[in-house]
Structure formats: structure tokens, C-alpha cells
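Welcome to this walk through the model.

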Amino acid sequence: MTVWNRKAYSLLRQALNSYRLNKDHLPLYSDKVNRDDSLSIVDFQNLKLSRLLKHAYQHVPYYQRLFQAAGLFDISDIDHHSLKCLPILTKALVKDNFDDLIARNFESSSLIDNSTSGSSGTPFYFKTDKQSLLMRERVVIKNHRWLGVEPHSKKAWLWGASMDFKKSPATTIKNYFSGSLMLSSNQVCEHDYKRYADALAKFKPSMLISYPSSLLPFADYCERHGRVFSSIKKIITSAETLYSFQREKIETVFSAPIFNRYGCREVGDIAHELPGQKGMRVNADHVFLELVDDSGNIIEHGEGDLLVTDLDCYGMPLLRYQIGDSGELASQNGNDYPVLRSLSGRSLDVVRAPNGVILGGTYWTMLMRNKPGIEQFQIIQDDINKVMISYKKGGDFNSDLLSYVSQQLHEKTASTLTIEFEEVAGFEATNNGKFRLIESKI
């Protein structure tokens, strides 16, 4: 397929999406589907947030009750400031109030059953309206263009989410014309890596998209076997925390820069790393991000738990949704896009010591890779008083390494944490292809 066929398909698909968004759309979308030069990103975000909140007040029983409990009894009282009147929305609250979170002016045919992959334990179920899915496609296109990649460019996915590998004629046609190559990262072996390398060499994608934990062993294979893909100019990693050792190895092997993406199944792409910029630019025309401390108090900037509001989902609005991640927002520079300075990973995926010390993924990667000898590791905590460190030996392994790790941890936790080690032959990813560096069960 020529680039002209892919480009024609891309333009046709974008035109069709625009038509769908402007034909029989909800009045609440109004004429401001896209931001123009007359509105700053902050003003546009506030406009969309106000419309969403008014819609939630009118048509979503759960939010109507909350607004009225906060003393707001008329829709004219609702604007973007009204968001702070709502409590934090947790997964448990969504489950307990599922039906009342669905907008009454939406027909069931316009809503799609959706769920997370369940990498944190149990899948989380929710509904997404078809309009918001089209908006998410626009966000992806915009983010790729920020990287200099057009929709018709060839892209390869080394991906694990089974829901993204639906076998249907429509999906096959879409992948063909959009120039997408889908490679499963689930339960792969050396033979699969050879097949994937051959497929990439033949397909010649300009962009490679994957999980860090899936791409790293593939990079090891390519390095050992001298596989080079000169067509790959950009790499996007997503769905997991990207650690510095992973970035360094992957970029070296593929001779291409990594741009980290932060998103989730619930709302789509939230933020994206850009060339020459520290941190990730937040898609503020699509989502509204908040930071809160452990007590739920808003933090203007700095590090805290992330709350996200999808500005485009009207069918089942998730307002102030506690996504389960923590990060740090930079102070916003005027009307520019906000920047997510750092992402600490899932707030549950940390080790907590009895003396109150919290050890996140970055600490563990620095500790375990400060000295050579461990190829891969995983931390499991099911008791506040101890952790299990499972590890796979590397070529330079020495038993003194385990003593060093124990000593460092005892100093960090004032010897309040019991450390156990377990040597393993290897690690298996979760059902969706992801690998959890830390599993906290407390």
C-alpha cells in the first residue's frame, strides 16, 4: 500500500469523524469542538468544563444529588468553579452508583461497555459514549503531530491488551489502510522476537509503540542478533512507568528517541512527552487534572494523587475521578498547556515501611541497578513488616549484592523492614502484557 492510499484513508477518516461530531451531536458540544485562536487553552478548558458540569447537573442523578447537597439548586449556578463542590470519585463509588452515573438523555445504543485491563488486580467497568471515542482519536492525532508524525505514517504496536486485538474484518481493513502493524506482547518467546523483527523489517514503520517492559527484552534480542530498523524514527512508551535504565537501553538499541505517553482506558490520552520539553504536556483541551494530598485537599502545584475529569465524555461522566496514580504538576505558565513534570506511577505500587518511609519504583530501580548482577527483579509486599524481592541473576551476580541491598534498605527504613530474597528463572507479565515492578497487597 502506498503512502498516498494511507493518506487518503487518513483524510477520509478525519472528515468522517468531523461529520459525526457535528451531525446530530449533543447541544452541549455546541460549536466549540476544536479550539480556535480566539480562546486560550485555559479559557477553552473552562468552557468545556462548565458545559460538562451543567450537563451532569441536568441529566446525571448522582451529580444532581451532590450539587444540591452543596447548595446548588439552579443550573445557572453551575460553572467551572462548581467542580470543587464535588467529592472525589473512586472506583468503589462508580461501582455502587453505576446506573445513577449514566446520563438520562443518552440512549443505550450510544454507549459502549468498557473496562480497564485489570493489571492492578480487578478490571474496572464503566461506559463510554461514542462521541467521546471520536474526540479521543483526535487527541491521539494531535499528540502524534506534536511529534511530527502524521496519521497516515506507518506505526507498529508491540502491545498486550487483548481488547485491542479484536479479530474482525473491520479491524483488519482499518489496520491495513491506516498503516498499523499489531504485534502481541503476551507470552512471547525467542521465536516470536525473530518473527516480530522480520515483520518490522518488512513493514518499515516510522513509529513503534509499546510498554517499557515489553520493549526492553525485545531490544535485548535485537541487540544480540544485530537487528536494525532504520525506518523507526520515534518510539512511544505507555501504560507503565518508564524508568531511566529502560529509556537508555531502548533508545540506544533502536537509535530513536522515546516519548512517554500517559493515559488510561477510562479517559484516553492524558499527557504526552514532547521533543525538547521536560515532563509531559497535558491534553488540557480533553482532560482537567487536579492534584490532592492524602486528605483530599487540592494542591496547586507539586506532588500528589491525580484526579482526572474527562471533558468529552457525557454519557457516563467521570468527574474528579481518582485514577490511582500520583505525580507532580508544574506551575502553569500563563495560558500555556499545563505540564505533568513527573509521574510516580500507581499510588498503590509503593513499599511502605513500619517507620513511615515510602519506597517507590524509582528508588528500587536505582538500588537494584547501582551494582551489576541482577538482570530483572520484582518487589512484593503483603505485610507492612516485610518485603519479598524476587530476582533473576545476571552474568555478574555475586552473593555480596544481596547483602548490599539488605544493608541499604535497613538504613533507609531504620531496620524496621524484614527483607526476603527469592531467586527465579524469569517473570511473567500480567494477562494484558504489562509487568508490575512492585505489587503491594496491603
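Before selecting anything, one term: contact here means heavy atoms within 4.5 Å. Please also keep in mind that this is a predicted model.

**The whole chain**

Start by showing everything as a cartoon. Of the 442 residues in the chain, 49% are buried. If you look at contacts between residues at least 6 apart in sequence, 65% of them join residues at least 24 apart.

Setting aside neighbours within four places in sequence, Ile 270 is in contact with Tyr 262, Gly 263, Cys 264, Arg 281, Val 282, Asn 283, Val 287, Leu 289, Val 308 and Ile 323.

**Second stop: α2 against α3**

Hide all but α2 and α3. Their axes come within 6 Å and cross at roughly 100°, which makes α2 roughly perpendicular to α3. To see the contact, show side chains for Leu 53, Ala 56, Tyr 57, Gln 58 and His 59 on α2, and for Pro 61, Tyr 63, Gln 64, Phe 67 and Gln 68 on α3. Sorted by class, the residues of this contact are six nonpolar and four polar, with no charged ones.

Is Asn 105 buried, exposed or partly exposed? Asn 105 is partly exposed, since its relative accessible area is 32%.

Move on to α7 (residues 190–203) and α8 (residues 212–225). These helices pack at an angle of about 80°, and their axes are 10 Å apart. That angle makes α7 roughly perpendicular to α8. On the α7 side, select Glu 190, Tyr 193, Lys 194, Tyr 196, Ala 197 and Leu 200; on the α8 side, select Ser 214, Pro 217, Phe 218, Tyr 221, Arg 224 and His 225. Seven of the contact residues are nonpolar, two are polar and three are charged.

Select Asp 310, in strand β12. Asp 310 counts as buried because its relative accessible area is 1%. What lies beside its side chain? A polar atom of that side chain is 2.8 Å from the backbone nitrogen of Asp 312, and one is 3.4 Å from the backbone nitrogen of Cys 313. Beyond neighbours within four places in sequence, Asp 310 is in contact with Leu 52, Arg 136, Glu 266, Val 267, His 286, Val 287 and Leu 318.

Then go to Asn 143, in helix α5 (residues 130–146). Asn 143 is buried, at 0% relative accessibility. Its side chain makes a polar contact of 2.8 Å with the side chain of Asn 283. Not counting residues up to four places away in sequence, Asn 143 touches Asp 269, His 272 and Asn 283. You have already seen Asn 283 among the contacts of Ile 270.

**Last stop: two positive phi values**

Finish with two loop residues. Ser 255, between α9 (244–254) and β7, has a positive phi of about 50° although it is not a glycine. Ser 255 is exposed, at 64% relative accessibility. Ala 414, in the loop between α11 (400–413) and β19 (418–423), also has a positive phi, near 55°. With a relative accessible area of 52%, Ala 414 is exposed.

Methods: Residues numbered from 1 in each chain as written. Predicted model: local features only at pLDDT ≥ 70, side-chain atom pairs only at ≥ 80, totals over all residues. Heavy atoms only, no water. Axes fitted to C-alpha atoms, helices over the stretch in contact; angles between N-to-C directions. Helix = DSSP H or I, 4+ residues; strand = E, 2+ residues; numbered from the N terminus. Parallel < 35°, antiparallel > 145°, perpendicular 65-115°, else oblique. Nonpolar A, V, L, I, M, F, W, Y, C, P; charged D, E, K, R; others polar. Buried < 20%, exposed > 50% of the residue type's maximum accessible area, 1.4 Å probe, protein only. Polar contact = N/O pair within 3.5 Å; in protein donor to acceptor, adjacent residues only side chain to side chain.
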